[in-house]
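Here is a protein to read through questions and answers. Look at the sequence and the structure, then try each question before you read on.

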Amino acid sequence: MNRGINKAGVAGTVRIAIDGPGGAGKSTIAKAVAKKLGMEYVDTGAMYRAVGYKMNAENVAPEDTEAVERILRATNIDFENGVIYLDGEDVSGKIRTPEMSGIASVYSALPPVREKLVLIQRNIGRRKSVVMDGRDIGTNVFKDAQFKFFLTASAEERAKRRYLELREKGDDTTFEQVLADIEKRDHTDTHRKLNPLRKADDAVEIDSTDMTIEQVISFIYDRVNA
């Protein structure tokens, strides 16, 4: 681990929080930054998608609190080399769809879901140095993170990136549908009562609309090692 990280660390661990709206490239950036710094990458968005995937598969309505809590008690989520496992099954490919994005947003607003996943996230972050991306990492999960970034871009640019990504996977979702999903998700995330999406007061904002992935990675890397 480099000198900048050691100097910033607390008890040998460092937490880098990258928050922002859907489609801003948080996962791609966080994963690359973690690799460059030799740290563990934790995709919190994937965790919420995994829960949404399971709730949907079990036909559990979000308003059925008892059923939601029952499913959560029997749910195990773990990461290994960037792969997310839900109850021992690799669900990486199954949770990366516009439908799962919308479902995840609904269930992520439920207190029992957030409480369980935040607990898991905090436990991981206390055990080892991590780069964690999501929507409330710097404002809730790790308010004391040594480095906080808020990564954003215009809704149109985020929709374009997501649309091209889906096209490469053979998905025929239209650009208009992707943009509508992005805008709906933005509204849900910023208006939910429990830990809504917002920039932490001490976070550095990065508007990546006109930036390349490499430029964003370099910006964060340089700030961490300043």
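Buried means under 20% relative accessible area, exposed means over 50%, and partly exposed lies in between (1.4 Å probe, protein chains only). This is a predicted model: local features need pLDDT of at least 70, side-chain atom pairs count only at pLDDT 80 or more, and totals for chains, interfaces and linings use all residues. Residues are numbered from 1 along each chain as its sequence is written, and side-chain values use heavy atoms, with hydrogens and water left out.

Q: Is D87 buried, partly exposed or exposed?
A: Buried ends at under 20% and exposed begins at over 50%. D87 has a relative accessible area of 39%. That value lies in between, so D87 is partly exposed.

Q: With which residue does the side chain of D87 meet in a salt bridge?
A: A salt bridge is a side-chain nitrogen of Lys or Arg within 4 Å of a carboxyl oxygen of Asp or Glu. Helices (H or I, at least four residues) and strands (E, at least two) are DSSP runs, numbered from the N terminus. D87 sits in the loop between strand 4 (83–86) and strand 5 (89–90), and its partner, 33 residues apart, is in helix 3. The N to O distance is 2.7 Å, and the partner is K54.

Q: Is K54 buried or exposed?
A: K54 has 12% relative accessibility. The cut-off for buried is under 20%, so K54 counts as buried.

Q: Which residues does N76 contact, leaving aside its neighbours within four places in sequence?
A: Contact means heavy atoms within 4.5 Å. N76 lies in the loop between helix 4 (65–73) and strand 3 (77–80). N76 is partly exposed, with a relative accessible area of 47%. Its contacts are Y85, L86 and D87.

Q: How far apart in space are N76 and G88, C-alpha to C-alpha?
A: In sequence, N76 and G88 are twelve residues apart. In space, their C-alpha atoms are separated by 7.7 Å.

Q: What separates the centres of domain 1 and domain 2?
A: Domain bounds come from an automatic or database domain assignment. That assignment gives domain 1 (14–25 + 142–217) and domain 2 (40–128). Taken over C-alpha atoms, the centres are separated by 19 Å.

Q: How many residue pairs are in polar contact across the interface of domain 1 and domain 2?
A: A polar contact is a pair of N or O atoms within 3.5 Å; within protein, one must be able to donate a hydrogen and the other to accept it, and residues adjacent in sequence count only if both atoms are side-chain atoms. Salt bridges between the two domains number zero. With both residues at pLDDT 80 or more, the polar contact pairs number four.

Q: Which helix gives the largest share of the side of domain 1 that touches domain 2?
A: Helix 8 (155–168) and helix 9 (175–191) each supply at least two residues of that side. The largest share is four residues, and it comes from helix 9.

Q: Which residues of helix 5 are buried?
A: Helix 5 (residues 98–108) is mostly covered, with eight of its eleven residues buried. They pack against helix 3 (44–57), helix 6 (111–127), helix 8 and helix 9. The buried residues are P98, M100, S101, I103, A104, S105, Y107 and S108.

Q: Which residue's backbone oxygen lies 2.9 Å from a polar atom of the side chain of R192?
A: R192 lies in the loop between helix 9 and strand 8 (204–207). At 9% relative accessibility, R192 counts as buried. The backbone oxygen belongs to N195.

Q: Which residue meets K148 in a salt bridge?
A: K148 counts as buried, at 8% relative accessibility. K148 lies in strand 7 (residues 147–152) and its partner in the loop between helix 9 and strand 8, so the pair ties together parts that are 54 residues apart in sequence. The N to O distance is 3.2 Å, and the partner is D202.
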